[in-house]
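Please look over the sequence and the structure below before reading on.

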Amino acid sequence: MILKHVLIGALLASSAVAPAMAQADTDITVVLSEELDLVEPCMATRSNIGRVVLQNISETLTELDVRGDKGLMPRLADSWEDKGDGTWQFKLRDGVKFSDGTTFDAADVKHSFDRVFSDQLTCESKRYFADTALTFTVVDDLTVDVKAEPAQPVLPLLMSLVTIVPSETPMEFVRDPIGTGPYVMSEWTAGQQIVLDRREDYWGTQPAVTKATYLFRSEPAVRAGMVAAGEADIAPQITAEVADNKATDFSYLNSETVYLRIDSQDAPTSDIRVRQALNAAIDREAFIGTVLPEGTELAVAMVPPTTLGWNPDLSPPAYDPELAKKLLAEAQADGVDVSLPIEVVARTENFPNVTEVSEALVQMFNEVGFKATLRMVEVAEHEQYYSKPYPESEGTRLVLAQHDNSRGDPVFSMFFKYSSQGTQSGVNDPKVDELIAKASAATGDERAALWSDVFKYVHDDIVADVLLFHMVGLSRVSERLDFTPTIATNQQLQLAEIGFK
Amino acid sequence: MTDQSLSKTPAIAEPRSTSMLSMLWRDKLAFCSAVVLLLIVLCALLGPALLGDLATSQNLRGRNSPPFDLARGWAFFLGGDSLGRPMLARLIVAARSTMMVAAGAVVAALAVGALLGLVAGYMGKTTSQVIMRLADVIMSFPSLLIAVVVLYVLGPSIPNMILVLAITRIPIYLRTTRAEVLEVRERMFVQAAVVMGASHWRIIARHILPVVAPTLVTIATLDFAFVMLAESSLSFLGIGIQPPDITWGLMVSQGRPYLTTAWWLALWPGVCIVITTLALNLLSNWMRIALDPAQRWRLEARSTKDE
Amino acid sequence: MNNALLEVRNLSVDFHTARGTVHAVKNVSWSVNRGETLAILGESGSGKSVSASAVMNILDMPPAHIVSGEIFYDGQDLLKVSYETHRALNGKKIAMIFQDPLSHLNPVYTVGWQIVEMMTAHGRPADMARARALELIKRVGIPDPEAALHKYPHQFSGGQRQRLMIAMALMLKPDILIADEPTTALDVTIQADVLALLKELQAETGMGLVLITHDLGVVAEIADRVVVMSKGEIVEAGTPRDVYHNAQHPYTRQLIGAAPGKGEIKLLDSAEPVLLETKKLCKTYGEFTALKDVSLVLHRGQCLAVVGESGSGKSTLARSILRLEKADSGEALWKGKDLLAMNARDLLGMRREIQMVFQDPTQSLNPRMSVYQLISEGWDIHKLMPDKAARQTRVAELLAQVGLAPEHAARYPHQFSGGQRQRIAIARALALEPELIICDEAVSALDVSIQAQVIALLDDLRKRLGISFLFIAHDLGVVRDFADTVIVMKAGEIVERGPTRQIFEAPQHAYTQRLLAANLDPDPEIQAQRRLAGATP
Amino acid sequence: MTKLIGQRVIASLLSLLGLMILVFFLSRLTGDPAVLFLPIDATEEMKSQFRTLHGLDLPLFEQFGRYVWDLAHLDFGESLRKARPAIDIVLEAYAWTLPLAGITMGLVVVAAVILGSLAAFNVGGFFDRLVSIVSLIGASAPDFWIAIVAIVLFSINLGWLPTSGVGTPWHWILPVSVLFIRPFGLIVQVVRGSMLSALSAAYVKTARAKGVKNLPLIFVHTLRNAMLPVITVIGDQAAALLNGAVIVETIFGFPGIGKLMIDSILQRDFNVVLAAIMVTAIAIFIMNVLIDLAYGLLDPRIRH
């Protein structure tokens, strides 16, 4: 076989057929890790769809600057103001056209939200408005009033999550997305590629990239290799093992946070000392630069540091096996059965090296005297353990999970993960419920301060979970591009930000 | 051409005193294979007890240590894995689960498949048709789906993995057995047994099974490799054996991300699979001859030039 | 001898097997001239085919190894010429036909293609080859030659296949035709036709014919000269008449003596009670009628022979009686009880009382069982003789009875010769002390000398133990020596029945007469007389 | 022959029905597609809406009844995830898998037949042993390992071939080569064994006595006879390829049925799984009929 390969290779080399693709200098190729099931604007919050659709094909009213400190920026909305009583008024940008030639107006905004709330299709962005009823009032073509019940202090921020489609869009998933963005989808060959072409009639600045081809390869080594071989220009989500080229491989915090969810209703984790012992048993530093890439940060909150109200005073629990043993002994002395089995449930392919991380965690727990075992499951089964109602078990289960919040506000995380009503919460503490409710309703600096309090309370006072790492994403970018991937690359990949050297 | 059969043995053959062991010794390749397999079985039996702790002792800061370096002790001779555990010790410990999964799946599939095949081949047309349709259904049922169903409903464990792999392999044995039985039951000596009044059970057990068995054993040894690889593939797809269980297939799959940086993680377990397969193949070739009285003389003879 | 067309001189061939070296032929010399027929006579294992294979360069080397000797054809030593030269001679100058034309014709190509290939392989144009093939197919007597070209070997009968083989061999008008047991697998009447055809063709073309056979009758019929081989050596040579009447070597004498059909014809003693009786047995396979109203009666101690050619239904008869096949209608009464309708218990009893000896002991003995296991299996089945020591003694006795040694019990069938294997099969049948043994062509696969021994053994058993026999055979000579009553079958029907003497000396039915006429006599003089007698009417 | 095929069609339809029932109910044992389609923090209301939309809230037997009813109208249902007819997705994938399987099997058969025959003719010789060992090792090495090493070596380090994808003929070389190895290893062994026994057949002796040259002797006289057992194995291997080369398709980003199958199984896209399995079963059935025809074509004794 080897001989055969060599022969074929030699043949190829001698006939000088380079497999590189013929393309214009301003065309780029992006290789993604999984194929898109849909190219539906209202599903753009799903990260693999978002990387193609969000702000490339379809735009939102507002846009959050997750990298810098510009906060919430106008996109299709020029400006917005709180009219009180839960109503926000948005002034829309003038002169914007959809790629099908129709003009963007307030009715499109209303229709886009109607689609999100429709029961004819299951749009992802609906979840951000779980308990909020929105009423849209078209004031004029370029003005729309949105009334939220109950009042929603972060409504303009939520507007950055809903893409705007023309009012002709049917109440079903579409395969030919029409948007206001700088690109239009010109080809979608299922299983192979998606091609976006630059629009000439875009309302904003013309981006440098004229055409983007998206390919799909699940193997990180292949993705990285494609950039190295010149077959692709950008490969998001490669692994540390294949990121061996300083010139092309970028690492950046990717807004994902890895943690172990503790069920505080189960013995023995109902005892705070046991939860503290779990935290103290882990040598977090040892993971970084080994099984996790350099640049990974220790987490003190469920959300990344760029989020509103992130509490800089918190520090990660120190690695102290002696302390862990001591805490366990004390708990045992008080009648807590610390010999109950603890099963760490982790999901295969959750993040690179998840298996190694899980195995190391279990080993660390066992070294301080826990009776921990590991159970690796695939995604559907993981969901059973992760979301309520939790299955019964002898002892307890710690669920290793990864949470993503790149939205800039903790409201997208804290209720789900810590409220007694939260679907993935292991906490049942009235004070936490109250703190979250207060913070969610607040605005401005008060909101930030209140969130800080919540972070401190769950981290230091009740030790709700084992927070581990803010993860680092790695992307490979061809040297011909002037582009630095950032935290935003996890959810979207704005072609407009890409330049050429 | 009746007189061309010069290899026909003289009536006075040498006494059958040659034991299996000395016959094995005559075929050097088969002998080596047997030694290798014995070693693997020993590893499987004793490995976890002797090296279980060593194989799981992690050292995050000393991960992926390169092979052929004795500085960290013999266990690291083949290098360390991605959690700093000694490869050699892990390979030895993994032998048990690997062998359990492969042998379990092959033996279970062989037993069920052969039984159904015997029934299908020996019984009437209706029974045979029902069984064959069943085999068709199993054959078109993708093993991936079986794997997901079993793992989702029953959980990922070694016995369940055996179940998954066994189900997918049953049709091979079933079809082979049936085809052979259909042929063997027409042979003269089976009819001779019928004429003597032998019961169905006796004919199956004494006359048909011994003739069919060598073919099945040969397929089983080849299947052994197939099952090890299938298990590895399922691990690759994330629906196979999961840590903390450990098999060679899983090790290859886990070593995959490190192919360019730490090749030894995936290579050694792969080599183990290849060696086991080779040894099994060579041994099964030998066994086919050794178990067949009409061919055994090839191994009893003094010269071994035709091995 | 120097001007012989083909001459084999002092040829010695060894076979290197894992068990050591076998001297297949030692110092063999023979020659054949244009227009002459040389017969090489020998039993299995005598090495009679080896020298011919060496001539054709189709010995498998290894294991064969030519130690010494020369093969002269057309002034060159065929053992020294290049592979390519030798290949070019094969088929073109020296052609060969074989015993079993079905397996020697390629089953997946048409007969026409195979015959034509004989010429195209030697560089002749295809259309010319086709014309010649048509001509020859017609010449060898195949009806509708044009259609025959497009048929496959399995669509012809055994005799036709051998004719086609002959046509193929003659395509390039070879100087020499080697025929290796060309008629052995054929029915007697067809054997006669094929031999006649060979003779005619030889007369037409003037080729030299080398005929390898084990059958004295064939030698008597066709050969000009004969060499007799035993254990790799030529023990006798001369004209058939000389060899038959003045054999010098003990082996030749033994061989001639063993030829069946010379003994005394037995007399029927019908005073004994009826053991087995069939009434109007019928059996069809689709369109084909295997048995049609077959009724027969077998008395205790009697030996009833059923003769007929292949396809006459004689084997189906035996298999139906033993319920290996289900008869469509009719009865088979075993001691007055219809065994076709027996319940399981009676059937098991019947299975002890009737035993069968099959044609081919290689196939009827389970190769994975030792002789002891084979013989004692019946006792396991019928739960007899639980005592192990008694069994061992009895097995030893039975082995002694059939002329084998007690120590053979531990061996496996493949370690025995064909004749010995058939003895084991007989010992197995005897183990259950049966009242009737059905022999289905039990001796036809054996060499004549061994055949004679086995027949003698069976005869002895009949006399000593009073066992009855249903003896199915195609070889009239054997039947004549062994049976006391004969039934002649043709196409599923009994055409004639009667005491042996009556059948052989005064056959009534035309078919019986034809059978007897086609049967070759080992004595060249008798055979020559018959030939003359046959030519006149 | 037509009667025979008719019987086979009925038997296969029965199998297909059994297969469908089994897959339908077993796949629904593996959990709720709603939680996989929707994000982890989706509300219960969204999940139940998803189930209602796709009829997953109905009793299982009613779901089955509806499925069978639709199927009777040749409607394989819609993909839960891709919002497209399942059958379209499956057929698109097949359009890639068929040529991949076809080309691979074609090459495998040609290579295995030639090398296996020559090895058998040269039994015990150096070439014979080389073929045996190489095929055995090739057949027992994990294919994803070979695939990734091949990409690293030939595409990244040497830059001779594209890493993955389907654009040009060059893209097919690596996937086909990797897929080639295992069936080749197996079939070459079978060819060798079958040729060994065929070469000792009597008609070979006849051919040699006729003065037929070695090459036609091997490839004309013997091979056709030796192909019968080989065809069976070829059929089994081709069936495996028709089921999709999951690993190779996944690694090389090849949009075939294997990748579709594993994705839809993992995502619980039931309709696609069912459609894929049934189309595969039909493809395998057609192939089996073709194989039977090939038997007849090769061996006139079967034909008559």
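What follows is a short report on selected features of this structure, which is a predicted model.

## The sheet of chain C

In chain C, 6 strands come together in an open sheet of mixed pairing, and their order across the sheet is 6-7-8-3-9-10. Strand 6 (94-97) and strand 10 (233-238) of chain C each have a single partner strand, and because they stand at the edges, one side of each is left without a neighbour in the sheet. Direction ignored, neighbouring strands of this sheet are turned by 20° against each other on average.

Within this sheet, strand 3 (residues 37-42) of chain C runs parallel to strand 9 (residues 225-230) of chain C, and 5 bridges join the two. C:G42 is found opposite C:M229, a residue of strand 9 of chain C. The sheet is also packed against by helix 7 (residues 158-169) of chain C, which touches strand 6 and strand 7 (176-180) of chain C and whose direction makes about 170° with that of strand 6 of chain C.

## The two domains of chain D

The domain assignment divides chain D into domain 1 (2-72) and domain 2 (89-303), and the C-alpha centres of these two domains of chain D lie 33 Å apart. Their contact involves 14 residues from domain 1 of chain D and 11 residues from domain 2 of chain D.

On the side of domain 1 of chain D that touches domain 2 of chain D, helix 1 (2-28) and helix 2 (33-37) of chain D each supply at least two residues. Helix 1 of chain D provides the largest share of that side, 10 residues. Sorted by class, this side of domain 1 of chain D has 8 nonpolar, 4 polar and 2 charged residues.

## Contacts between chains

Among the 5 pairs of chains that touch, chains A and D have the most contacts between them. Chain A and chain C, by contrast, do not touch, and their nearest C-alpha atoms are 32 Å apart.

Between chain B and chain D, the contact brings 29 residues of chain B together with 33 residues of chain D. On the side of chain B that touches chain D, two or more residues come from each of helix 4 (125-140), helix 5 (143-154), helix 8 (200-236) and helix 10 (264-290) of chain B. Helix 10 of chain B gives the most to that side, with 7 residues, and the residues of this side of chain B divide into 19 nonpolar, 7 polar and 3 charged.

Methods:
Residues numbered from 1 in each chain as written. Chains lettered and ligands numbered in written order. Predicted model: local features only at pLDDT ≥ 70, side-chain atom pairs only at ≥ 80, totals over all residues. Pairing = 2+ DSSP bridges. Helix = DSSP H or I, 4+ residues; strand = E, 2+ residues; numbered from the N terminus. Axes fitted to C-alpha atoms, helices over the stretch in contact; angles between N-to-C directions. Contact = placed C-beta atoms within 7 Å. Domains from an automatic or database assignment. Nonpolar A, V, L, I, M, F, W, Y, C, P; charged D, E, K, R; others polar.
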